[in-house]
Amino acid sequence: MGLHTTHENTEVTHKSDVVFLAVKPPHVSKNDSQVTSEIAPSFSRDQLLVSIALGITIRNIESLLPPKCRVVRVMPNTPAVVRAGASAFSMGSACKESDSDIVKELLSTVGFAVEVPEAYIDPVTGLSGSGPSYMFAVIEGLADGGVKAGLPRDLAVKLACHTLLGAAKMALETGEHPAKLKDDVQSPAGSSVYGMHKLESGGLKGLLIDAVEAATNRSRETGTKALPREYLRNSNDMQEDEKADNSMEQVSKAGKYSIYLCVNAFNTSTQPLLESNDL
C-alpha cells in the first residue's frame, strides 16, 4: 500500500501535501508537548491540514498555525473501517477552491462524504459521528430480543445487522420518508404495530433525539475546554484570511498526494505517524 511510518511530527510536515490531525482535543493546543506546537514552525499555506479533533473549530486551529494556513474540519465515523463511513467536512477561509474536491475525494474512498457549513459539524458529531454507537446498541437489543424469543445468538445478531442494513438501504434508494416506510411495514393488528407500540411507550424516538443533542453539546463543550481562551489570539489582532490566488492543480486520483496522519504526541512509541501515497 506504500505505507511508511515515523515517530517525528516534524517529518510529517516536511514531506506531506495533506496532513490529517487525528488526535484527541487536549493534544491540539499550544502547549510545548502538543501536536500543533510541533508542526506549526514547518507548516505552510502550500499544505492542507485536515482536522478530525472533536469540537476544535477551524478558527481555533488557524490561530495555532502560521497566518493564512489552509484548514479543513472533518467529522467522520468508525464504519469508515469497512468503507461505509459517513463524513461531513467544512472548509477554512484560507482554503483554495480545489481543496474541497481533494478532501471529498479522499473521504469518499471510505464512504459517503459531504461538505457542510461549520455550524453543522457539532450536530453531525451528535448524529453520524456518535451514531454508530447508538446503532450497535440497537443491534444488541434486537439480538437479545431474538435470543429471548428462542433464536440462537449468532443468528439473532446476523438478522439484526441485516435488518438495519436493509432498512437503511431502502430509505436511501427509495427516497421515501422513514415514517412512510415504517407505516408500510405495519398491517392492521399485525405484529409490527404491536412492537412499535412498545417502542413508542418506551420513548424510542425521544431517547434518540436526546442522545444526538447530548453528544452535540458535548462536542461543543470539549472544544471549548481543550483550547482555553488564553491560548487563542486576540480576535482583534487576527487578520482576515484571503483566498489563495493560485488554484491547486486538479487531479483525478487522491493517490497523487502525499498524505500523513498526525497521531497523539504522547505515546508516539506505540502510535507512529502514517504516510500513504497510494490511497
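The paragraphs below treat the nonpolar cores, a surface patch, the helices, the backbone and the salt bridges in turn.

The structure is a predicted model, and local features are described only where pLDDT is at least 70. In soluble globular proteins, nonpolar side chains tend to be buried together. In this model the largest nonpolar core has 19 residues, and Val28, Leu49 and Leu65 are those with the most contacts inside it. Several elements contribute to this core: strand β2 (18-21) and the helices α2 (35-39) and α3 (58-63) each supply at least two residues.

Met135 belongs to helix α6, which covers residues 131-148. Its relative accessible area is 33%; because this value falls between the 20% and 50% limits, Met135 counts as partly exposed.

Gly175 follows α7 and has a positive phi, near 75°.

Positive phi values are also found in residues other than glycine. Lys68 has a phi near 65° and lies in the loop between α3 and β4 (70-75). With 25% relative accessibility, Lys68 is classed as partly exposed. Arg83, likewise not a glycine, has a positive phi of about 60°. Arg83 is placed in the loop between β4 and β5 (85-91), and its relative accessibility of 65% puts it in the exposed class. In sequence Arg83 and Ser108 are 25 residues apart, while in space their C-alpha atoms are 8.5 Å apart.

The cysteines can be considered next. A disulfide requires a pair of cysteine sulfur atoms within 2.5 Å, and by this rule the count is zero. Cys69 is buried, having a relative accessible area of 3%. Cys161, in contrast, is partly exposed, with a value of 32%.

The last topic is charge. Side chains of opposite charge can pair when their charged atoms come close. The model contains ten salt bridges, counted with a limit of 4 Å between nitrogen and oxygen. One of them joins Lys15 to Glu11, with the closest N and O atoms 3.0 Å apart. Both residues lie in helix α1 (residues 9-15), and they are four residues apart, about one turn of the helix. Glu11 has 26% relative accessibility and is therefore partly exposed.

The spacing within such pairs follows from helical geometry. An α-helix has 3.6 residues a turn, so residues three or four places apart point the same way. Because Lys169 and Glu173 are four residues apart in α7, about one helical turn separates them. Lys169 and Glu173 are both exposed.

A further pair is found in helix α10 (residues 204-226), where Arg218 and Glu221 are three residues apart and so are separated by about one helical turn. Their side chains form a salt bridge, at 3.9 Å from N to O. Arg218 is partly exposed, with a relative accessible area of 44%, and Glu221 is partly exposed as well, at 40%. Salt bridges can also share partners, as they do where Arg73, Glu118, Asp122 and Arg220 are joined into one network.

How values were computed:
Residues numbered from 1 in each chain as written. Predicted model: local features only at pLDDT ≥ 70, side-chain atom pairs only at ≥ 80, totals over all residues. Heavy atoms only, no water. Core = buried A, V, L, I, M, F, W, Y, C linked by side-chain atoms within 4.5 Å. Buried < 20%, exposed > 50% of the residue type's maximum accessible area, 1.4 Å probe, protein only.
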